[in-house]
Amino acid sequence: MSDTFILNGKETPYTPGQMILEAAKNGGIEIPTLCYLKGSTPTGACRICLVEVKGARSLMAACSTPVTPGMEVFTETALVHQARKLNVELLLSSGTHNCLVCEANGNCRLQDLAYFYKITDLRFEEKAASDIYPKEDQNPLIVRDFSRCILCGRCVQACNEVMVNRAISQGYRGKESKIVTGGDLPYHESECVFCGQCVEVCPVGALTEKKAKGLGRPWEIKKIRTTCPYCGVGCQQWLHVKDGKIVKVTAVEDAQPNQGRLCVKGRFAYDFIYSEERLKTPLIREANGEFREASWDEALDLVAEKFKEIIKKDGPDAIAGVSCARSINEDSYQMQKFFRAVIGTNNIDHCART
Amino acid sequence: MTVAGLAATFGSGAMTNSIDELEYTDLILATGTNTTENHPVIGMKVKRAVRQHGTKLIVIDPREIDLVKYADIWLRQKPGTDVAVFNGLMNVIIAEGLYDKEYVAGRTEGFEALKEVVAKYTPEAVEKISGVPAEDLKKAARLYAGAARASIIYAMGITQHTTGTDNVKSTANLAMLCGNVGIEGGGVNPLRGQNNVQGACDMGALPNVYPAYQPVANDDVRKKFEAAWKAALSAKPGLTLMEIMAAAGSGKVKALYVMGENPLLSDPDLQHVKKELQKLELMIVQDIFLTETAQMADVVLPACAFAEKEGTFTNTERRVQRVRKALEPPGEAKADWEIICGISGKMGYPMAYASAREICEEVRTVTPSYAGITYERLEKEGLQWPCPTVSHAGTKFLHKDKFSRGLGLFTALEHIPPNELPDQEYPFLLSTGRVLYHYHTGTMTTRARGPVERCPESLVEIHPEDAERLGIADGQKVKVTSRRGKVEAKAHITEKSAPGSIFMNFHFNEAPVNFLTNPALDPIGKIPEYKVCAVKLEAA
Amino acid sequence: MDKKITVTIDGQEVSADPGQTILEAARNQGIYIPTLCHYSRTTNVGACRVCVVEVENARSYVASCCAPITPGMVIRTNTPAIRAAQRMIVELMWSSGDHNCLTCEQNGACELQDLVYRLQIDKPRFPIEHPAYGPDSTNTMITRDLNKCILCGRCVRACNEIQVNEVLDFANRGSYAKVGPAFDADYIDSACVFCGECAQVCPTGAITFKQAKFAGRPWELAKTRTTCAYCGVGCQIDLYTKDNKIVKVMGNREYGQPNEGSLCVKGRFGMDFISHPDRLTKPLIRRRKGEDFQEAAWDEAYAFIAERLAAVKKEYGPDSIAGLSSARCTNEENYLFQKFLRGAIGTNNVDHCARL
Ligand code: SF4
Ligand code: SF4
Ligand code: SF4
Ligand code: SF4
Ligand code: SF4
Ligand code: SF4
Ligand code: FES
Ligand code: FES
C-alpha cells in the first residue's frame, strides 16, 4: 500500500520522497518544465512548473517540492496558469527572442510555452542588446548565444552531474548572471571536451550546433535511430536527416547503454561520411601499377576468377581473409561463411587481436 | 429526376461531361443553377472561362444571380416556363437553319415531331408565356447555335417543378439539336446538389433499380443479384420517397429505416409529413445529430461524420473519390456501414465486412461501370465512371460516338403551367433554394461559426417595389402564408428576385419554408415543385 | 508539337519547351530557384524579384519567373552574386515588415521565413521600419495583419484570377501600397465570400485562418486527404488535425481535378459541426410510443430493431418496410443499405432524398 495525495481532486499514489512533478506524471498529469533535468538535482530556477498546494502561502515549484501524505495539489487553476504565463513573459524579456533567426525554432520549450499561453505581444521590454554578452562563435562545433539564454542551468547540470566534465557553472550575479567556463574563457580555451551534452539539454536556442546551422529545420527532418559506429559502448543515437544528409546527431533518451549521453565522436564526428575521399567505384590495379575505376561486374568477375585459379593451383588454404570489427554482425557472419563454405578454408580472422 | 429525364433521352442519367471542360469551352448556358452559391467551385470555373478564356455565357434564370454579372445574355423567364423558353430557342434555331443537320440525321430520332411542336413557339408566343423579350430570345438562340462547343449546366431550378422531367428533356433537345452531346466541352450537365447524390443513385438506392441502374423488374438482372447476394429478391419495383411518406400515412408502410436524412425539414408540406410519420409503428434513424426526424424515431443510432470513416463519394461529374478517416468518432458512434451490418446480422442475414474497402470490392463485381475502380487506383486522383476494367482510364465525357440508348431521342414537349400560380388571395410567387453559406437542412452549416456569422437566419428576398407597396422595411419581420401553412422571417429587400416573386432558403428549422411549399409532384421524376407556389406576404 | 530547345542552366544542358520560363525549365530539372510572388495558375507579375538569375549577355539580372527561355541561353542560378542579390531583396522585405515568428501563426509554414533560413540571414542591414496597420479580425474566419505583408500580390491574383471573386486589389501604389477590399474595408464589410483562397496562397502570416490560431503549429498537425461532404463538386480537401480536432481545411494544388486546390466557404469553414456537442454518442431507444429516449448499448439496440422489424415483416409482409438512404453517406454505405432492404428484408422500397 503506497501513500496517496490528492491531485486535481483525485486520490493519487506516490512513492515517498517523490517530487510533485514526477508523482503527477505517474498520475497522468503533465506539468510543463524548463529547468528540470531528469536525474539531476532540481534547481527550481525557472518557476514554470508552479502548482497550487492547499495551505501553502504561495505557488510551489512542482519539480522541487516533495509530496507529503494527503497533500492537495492543483495543476490547472487560473492562478497557476496566470503565474506560469507571467513567468514565460518574464523569461522572454530576459533576452531577445526572434524565432525567425533562431536555430531552435520548432524545437524550443520556451516557444512551445509562448504558443500554449497564446502570447501575441511582449508585455515587458526585452533586455537591451548592450546588456547582453556577445555571441560566442569561435569554435567549430558549438555556438553560444547569450541573448537567448534563460539561465535555467540545465547545461550546467548536464556538464557537472550527467557527464561530470565540470567545465561550466553559473557565474556572476543578478543582471550580470551568465553560464561560464572556468575563468569565463570561450569553450575552446576551457576544460570543455565538446561532448555537446549542454547543447542536447538546452531547452532554447542559446546553445546550438554550428554544423547544423542552415541544414534543416526540425519539421523538415527525419529521425533515424541507430548505434554509434565508434567505440564499443554502442551508444544509441538519432540521426537527424534531411535530403539524405545528416543535419545533426542526438542521443536517445531513456535507452541503455548511454541513457541520453554521447561523446564528441558520436555526436560530432560523422563528417567522414561526406568525405571527398570516399571510395565510389571498385578499383582494379592495372599492369602499370595504377588503379583504374571498374564496374561491379568486372570487379566481381575478376575476384571470382582469381580465387578459382588459386584454389585450383594451390588449394583453398592458400587463401585467407581478414574480416572487420566495425562491420555489422551480418557482414561478419557472411564473411566467415564465405571463407568456410565457398572457399573451403578456416583462414579467417579480424583485427580485434591487434 | 435528372436520371429519368436524361436516361429517356440519352440512355444514361448523369452529367455527360466534366467540370474542367467548362473552363475551356466556347459557350456555357446556365439555367436553373445559382452556381456560384450552390456549386461555388464550378461557379469559379465558369467565371474563369468568361474572364480568361473568352467563353460566352447565357444565363436563363428568374433571379438576378451572381453569374448574371458575367453573362453575355440574361433571359429572365417567369418561374415555371422553362419548356416554353427552350422551345422558343429551338424554334429560332430551326427556322433560321442553324442546327447541326448532319448530327440530327445521323445520331438522333424524333426530330420531325419536335420540329412540329416547336414551330408553335415563336419568339413572340414565348414572350407572352415567359416574359422573355423576343429579341433577346433570338439573340440567345443564335449565340448558342453559333458556338462550336456549347455546354448546358443546370440544377434544381430545372428539376424542382411539376414539369421537371420535361424541363430536363428540353435541355437535352437543345443540346442534341446543335450537335453538342458526345463532344468535349459540350453536353448536358446536371449539377447535383448533395455531395453523393450521384453515388446514392449509382449504388441503387432507388426503388426500381439495382446498382448501375439495372432494373429490378428484369429477370436476368434479378437472378444475377440473387446469386451474388444469396437471397431471394422481390421483382416488384418499390415506392419512391414521396410514395413512402404517403404509404406511411395510409398505413401501408409500417416501419421506416432512415440513414442520414432529415425528411422532416426537406419534404414539401411539412405539416403533412409529420402526421404521416407519426403513424409508423417503427422508425429507426441513424444520423450524426438528433435531427427533427430523429426526434420522432423509436430508435436513434449515432453515426460517424464523413471525417471519421473510410469510403468513397461520387461527385457530380461521375468521379469516384476517396473519403478518409482523420478523426476518432465521438462516444460510441459507428460508421453507417457498420451499423447496417450490425442490424443485418441480427436479422439473420450476415453482412460480415471488415472494411469499406471490402464492400467496394463487392460493388465492383455487381456494378459494371465501377468494375475498374479500386482504392489503390483512387489514391492519386478520382476516376470517372464508366470504368469497366482496371486498365480503363475512366470516362471524361459520355456518348462519344453513340448514345447509351443508340440514337438520341428528341421529345416534343408542350408548355404546362405550374401546379399553383399566384391569384387574388395568394398574390406572390415563392421560390425556394439554397444560399452560399448553408447547405441542405442546415444540420451541418448552422453548427459552424463562419457560415452562421455570415448568414445567421432565414431571410425573405423581396423586390423593392413590392416592399414599398406593402410598407415593408429591410430587416423587418414578415409573415409568409400559403394554402398549407405560414412562416415568419426577416425581409431582405433586393432586386435579385423579380417584382411579384419572393425567394426563401430551406436551411433553418426556425423558419421551415417547407410548411409553405406545394407537394405537387412531377409525374415521372416524383420531385416536388419547390420552385413555384403561391403565397401571401404581410408585415408580421 | 513544337521542337524542344536547349539551354544551359548551372553548366547543365537542359532541353525545354519553347515558351517555358527560365523558372519552369529549371524546376523541371530539379534546380531550385526561390520565388515569392510567383503562383501557379495566376499571371506572372515579377513583383518580388527573389527569383533573379544571371543570363549571359543580359544587361542585368533577370526575373526567372517572367523570362521565357531562348535557344542557347546560358543561365546561372546560384552564383555568389545572385545569392547576394536575393539576400538583399529578402532583407528589404524583412525590414519593411513586423516579423517576429515567436508570435506569428505562420511560423513553420512561412515562405519568407524559409528564405531567411535558406539564405542564412542573421539580421537585415536596413533599419526595421514597418507600417502600423491595425489588424482586421472582425470576422471569425480570416485574420489580416498587413504589417507582415510583403506585397507579393498573390492574394489579389488568387481572388481575381483563381476564384474570380474580384474583391481584392492594390490600393495606394508605391511605398504606401496595401492590399485589400475596396475602400480599405474589413473583409466582413466587403464583397468577400470567404472562400479563403487568399489565406491559402499568402506566403506569410499576413492573412491567416483565425480558427487555427493557437490550435497547433504546422509541424504538430496531421494531414488527411479526403472529399468535401457538402455539394456535388466533391472538392479534394486536406483536413489538418490535432488532438482529434480539425484545425484547418486546405485545398491542395497537387491533387488536380475537380477543384485544383480551391475551396468554397462551406468546405473551408463549415467543419465545426463534426466536433459539436450536439453530436449523438450513444444509441437511443424509445421503448413505447410517447415515452422518452433511453440510452442503450449497441447490442441492445440491434436486437430491439431486428426483433421489431421481423415482427412487422411477419405480420404485414416485406413491402410494409421502407428505407431512406442518404446522399450524404458513402457509396459503400448506400450499396449496403439497398442490399439490406432488398436482400435481408425483401423489398424494393428504398429511395433517398436526391429528388429534393
Ligand atoms: S530560443 Fe526559442 S523562443 Fe527564443 S528565439 Fe529561439 S526558438 Fe524563439
Ligand atoms: S545555455 Fe541553455 S541550458 Fe544553459 S542555462 Fe542557458 S538556456 Fe539553460
Ligand atoms: S510572416 Fe513569416 S517571417 Fe514574418 S513573423 Fe510570420 S512566420 Fe515570421
Ligand atoms: S476570402 Fe476569397 S473572396 Fe474573400 S478576399 Fe479572400 S479570395 Fe477574395
Ligand atoms: S497579404 Fe499575403 S498574399 Fe497578399 S500581398 Fe501580402 S503577403 Fe502577399
Ligand atoms: S468546398 Fe464548396 S464547392 Fe467544394 S465540394 Fe465543398 S461545398 Fe462544394
Ligand atoms: S522546472 Fe521546476 S522550477 Fe524549472
Ligand atoms: S517570383 Fe519572380 S519576381 Fe517574384
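A word on conventions. Residues are numbered from 1 along each chain as its sequence is written, and chains are lettered from A and ligands numbered from 1 in the order in which they are written. In this predicted model, local features need pLDDT of at least 70 and side-chain atom pairs count only at pLDDT 80 or more, while totals for chains, interfaces and linings use all residues; side-chain values use heavy atoms, with hydrogens and water left out.

Let me turn to chain A. Chain A contains eight helices and 16 strands, where helices (H or I, at least four residues) and strands (E, at least two) are DSSP runs numbered from the N terminus. The radius of gyration of chain A is 28 Å, well over the 20 Å that the globule rule gives for 354 residues, so the chain is more spread out than a compact globule. That radius is taken over C-alpha atoms, and the globule rule is 2.2 Å times the number of residues to the power 0.38. The C-alpha trace of chain A spans about 95 × 60 × 35 Å along its principal axes. Of the 354 residues in chain A, 42% are buried; buried means under 20% relative accessible area, exposed over 50%, and partly exposed in between, with a 1.4 Å probe and protein chains only.

How far apart in space are A:Gly289 and A:Leu92? Their C-alpha atoms are 66 Å apart, and 197 residues separate them in sequence. A:Gly289 sits in the loop between β13 (283–285) and β14 (291–293) of chain A and is partly exposed, at 31% relative accessible area.

I come next to the surface. A:Tyr230, A:Phe272, A:Ile273 and A:Tyr274 make a nonpolar patch of about 330 Å². Patches consist of residues with over 30% relative accessible area and no salt bridge, with like charges joined within 9 Å and nonpolar side chains (Val, Leu, Ile, Met, Phe, Trp, Tyr) within 5 Å. Accessible areas come from the Shrake-Rupley method with a 1.4 Å probe, and for residues only the protein chains shown count as cover. A:Tyr230 belongs to the loop between β10 (222–227) and β11 (236–242) of chain A.

Now the salt bridges. Over all chains the structure holds 72 of them, each being a side-chain nitrogen of Lys or Arg within 4 Å of a carboxyl oxygen of Asp or Glu. One of them joins A:Glu89 to A:Arg123, at 2.5 Å from N to O. A:Glu89 lies in helix α2 (residues 78–93) and A:Arg123 in the loop between α3 (109–116) and β6 (142–144), so the pair ties together parts of chain A that are 34 residues apart in sequence. A:Glu89 is buried at 7% relative accessibility, whereas A:Arg123 is exposed at 56%.

In chain B, B:Arg222 pairs with B:Asp219 at 2.8 Å between the closest N and O atoms. These two residues are three apart in helix α13 (residues 219–229), and are thus separated by about one helical turn.

Finally, the ligands. Ligand 3 lies between chains A and C. The residues around it include A:Leu100, C:His99 and C:Lys148, a residue being near a molecule or strand if one of its heavy atoms lies within 4 Å of it. The shell around ligand 3 has four nonpolar, six polar and one charged residues. Here Ala, Val, Leu, Ile, Met, Phe, Trp, Tyr, Cys and Pro count as nonpolar, Asp, Glu, Lys and Arg as charged, and the others, Gly among them, as polar. Around ligand 4 there are nine nonpolar, two polar and one charged residues, among them C:Phe194 and C:Glu197.
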